[in-house]
Amino acid sequence: MEQTRNSSESSVGLKSAIKTEANRLGFTLFGVAEPHPPDTLPNYLFWLAQGRNGSMDYLATERAVARRADPRLILPDVRSVIILGLRYPRPANLPKSAAPGLHGRVAAYAWGKDYHDLIPPRLEQLAKFIQSRIDHSLAYKIYTDTGPVLERDLASRAGLGWMGKNTCLIDPQSGSYYLLAELFINIRLENDPPFFADHCGSCRRCIDACPTGCILPDRTLDARRCISYLTIENKGSIPTELRPQLGDWVFGCDVCQQVCPWNIRFASPEFDSELSPQPENARPDLMAAMSLTPQDFNRQFKGSPILRARRRGYLRNAAVVLGNARDARAVSALARALQSDSEPLVRTHAAWALGQIGGAAARKVLDQCSGSETDVEVLAEIAATQIACRDVGRSS
Ligand code: B12
Ligand code: SF4
Ligand code: SF4
């Protein structure tokens with residue numbers, strides 16, 4: 001039994017006090033797991049071996065794999081891991097955009113402040129609270145998407161939910177719209193029973209609805225084709241054949257969660273107030289996005305997860321979504337980007353988008369730029385687009 005400051009406080013009493021404090025800090029899900037090596041490590045290793053991590057090399061380093069294999073490497077005298085869940089808004093919480101124009105969709109977790117900034121100070125507060133209740137010094141480590149941890153495996157071991165076929169961790173009481181966070185500590189708390197049940201049954205809605213068909217039968221997904229990866233983590237070009245599948249997703253994707261019956265029936269309308277939607281970030285105007293300067297971009301998305309895409313990635317995504325909208329109103333914004341944006345990545349995707357929209361005005365800009373452009377990749381995209389435009393012209 002752990003020594004606590006109030007000698008009459010049992011470890012059960014301590015755990016319950018920590019849970020109350022965690023709830024006060026906004027964490028609606030709470031569980032405790034033992035830090036033993038995870039049984040699902042082979043799934044992770046197989047996933048890496050198939051190259052399904054794409055360009056996310058940080059997931060495959062020796063250090064990243066070793067720590068996932070044995071959480072005790074993270075904190076040598078770790079005795080328990082507290083796993084927490086913080087709810088973000090359901091997509092149904094998004095207010096309708098009042099502004100006219102062409103708007104993109106942003107994954108709901110990214111509508112408000114960045115949880116990578118929001119959660120760590122709360123975990124620090126929780127650690128301080130625990131320290132105030134025990135006699136010896138607390139050693140701890142905090143993570144939220146920020147470290148070499150199999151977070152969903154730990155969460156399911158701590159009883160927070162099951163790993164759905166869409167690979168998200170689902171709480172049967174409130175669905176999957178929440179973020180995970182962990183506090184590794186050197187005191188032992190009573191473990192919660194693991195979540196063994198699989199409530200997916202014969203359902204396969206997420207698999208059928210995924211726009212790129214990237215959800216695999218072994219409860220992993222091929223990140224290289226996931227829209228979330230393509231629009232956030234991927235720093236290069238979006239493969240041409242996948243661009244139409246982005247639809248209007250300009251940052252992240254929620255499709256496989258939106259169709260899930262556990263979210264339709266049980267997703268709680270409540271969410272952490274700091275994750276409240278900021279309308280201009282949740283449903284951004286994409287024509288305006290195409291002319292954001294680096295300073296504008298940093299100003300608009302300061303403190304938002306969208307910063308992670310960087311300006312060049314965000315404008316790349318916006319161009320693709322405008323191409324998918326096939327709306328002639330976007331030609332002038334895309335033409336400006338193709339003629340003068342300093343990033344070849346943005347110019348390439350603007351050229352593709354103009355090709356999707358087609359019409360005389362789009363073709364004129366492409367023809368002009370094929371004479372003035374100097375970047376080889378942009379020129380190749382313009383040439384491919386011109387051929388496609390001509391073919392469409394011939395067949396129509
Ligand atoms: C890399 C990554 C991504 C990649 C790859 C996602 C993936 N599914 O692999 C991309 C960029 C695509 C991505 C997308 C998203 N992500 Co992400 N991502 C991560 C990250 C950093 C690592 C995930 C990972 O290791 N993947 C590799 C696979 C093999 O591991 P795994 O997903 O944990 O899968 C396990 C299962 O397959 C399991 N398994 C197989 N069979 C069985 C059976 C049982 C019974 C059990 C228990 C396990 C099990 O074994 C694997 C290893 O444990 C985690 C944070 C972290 N450190 O864990 C966040 C994390 C998973 N992401 C998160 C979020 C919110 C998202 C998005 C919703 C964001 C968005 N809206 O765009 C999407 C969701 C897409 C989806 N359907 O998963 C949350 C998920 C919260 C939740 N409720 O599940 C996490 C936990 C971050 C956080 N701290 O909150 N993400
Ligand atoms: S986030 Fe979108 S693209 Fe990725 S698996 Fe889910 S539905 Fe498919
Ligand atoms: S949509 Fe169906 S199969 Fe997919 S995670 Fe939800 S319950 Fe499971």
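**Close-up views of a predicted model**

**View 1. Helices α14 and α16 in contact.** The axes of helix α14 (residues 331-340) and helix α16 (residues 360-372) cross at roughly 5° and come within 10 Å; helices are DSSP runs of H or I with at least four residues, numbered from the N terminus. Axes are lines fitted to C-alpha atoms over the stretch in contact, with angles from 0 to 180 degrees between N-to-C directions. The two helices, α14 and α16, are therefore roughly parallel to each other, a term for angles under 35 degrees. Val331, Ala335, Leu338 and Gln339 of α14 make the contact with Ala361, Ala362, Val365 and Cys369 of α16, where contact requires C-beta atoms, placed from the backbone, within 7 Å. The residues of this contact of α14 with α16 comprise seven nonpolar, one polar and no charged. Ala, Val, Leu, Ile, Met, Phe, Trp, Tyr, Cys and Pro count as nonpolar, Asp, Glu, Lys and Arg as charged, and the others, Gly among them, as polar.

**View 2. The surroundings of ligand 2.** Around ligand 2 stand 13 residues, of which the closest are Cys210, Cys226, Cys253, Val255 and Cys256; a residue is near a molecule if its C-beta atom, placed from the backbone, lies within 6 Å of it. Helices α7 (227-233) and α8 (255-258) are the elements that give two or more residues to this shell. The shell around ligand 2 holds ten nonpolar, three polar and no charged residues.

**View 3. The surroundings of ligand 3.** The residues surrounding ligand 3 include Lys165, Cys200, Cys203, Arg204, Arg205, Cys206 and Cys260. Two or more residues each come from α6 (205-209) and α9 (261-266). Seven nonpolar, two polar and three charged residues form the shell around ligand 3.

**Notes.** Residues are numbered from 1 along each chain as its sequence is written, while chains are lettered from A and ligands numbered from 1 in the order in which they are written. In this predicted model, local features need pLDDT of at least 70 and side-chain atom pairs count only at pLDDT 80 or more, whereas totals for chains, interfaces and linings use all residues.

How values were computed
Parallel < 35°, antiparallel > 145°, perpendicular 65-115°, else oblique. Contact = placed C-beta atoms within 7 Å.
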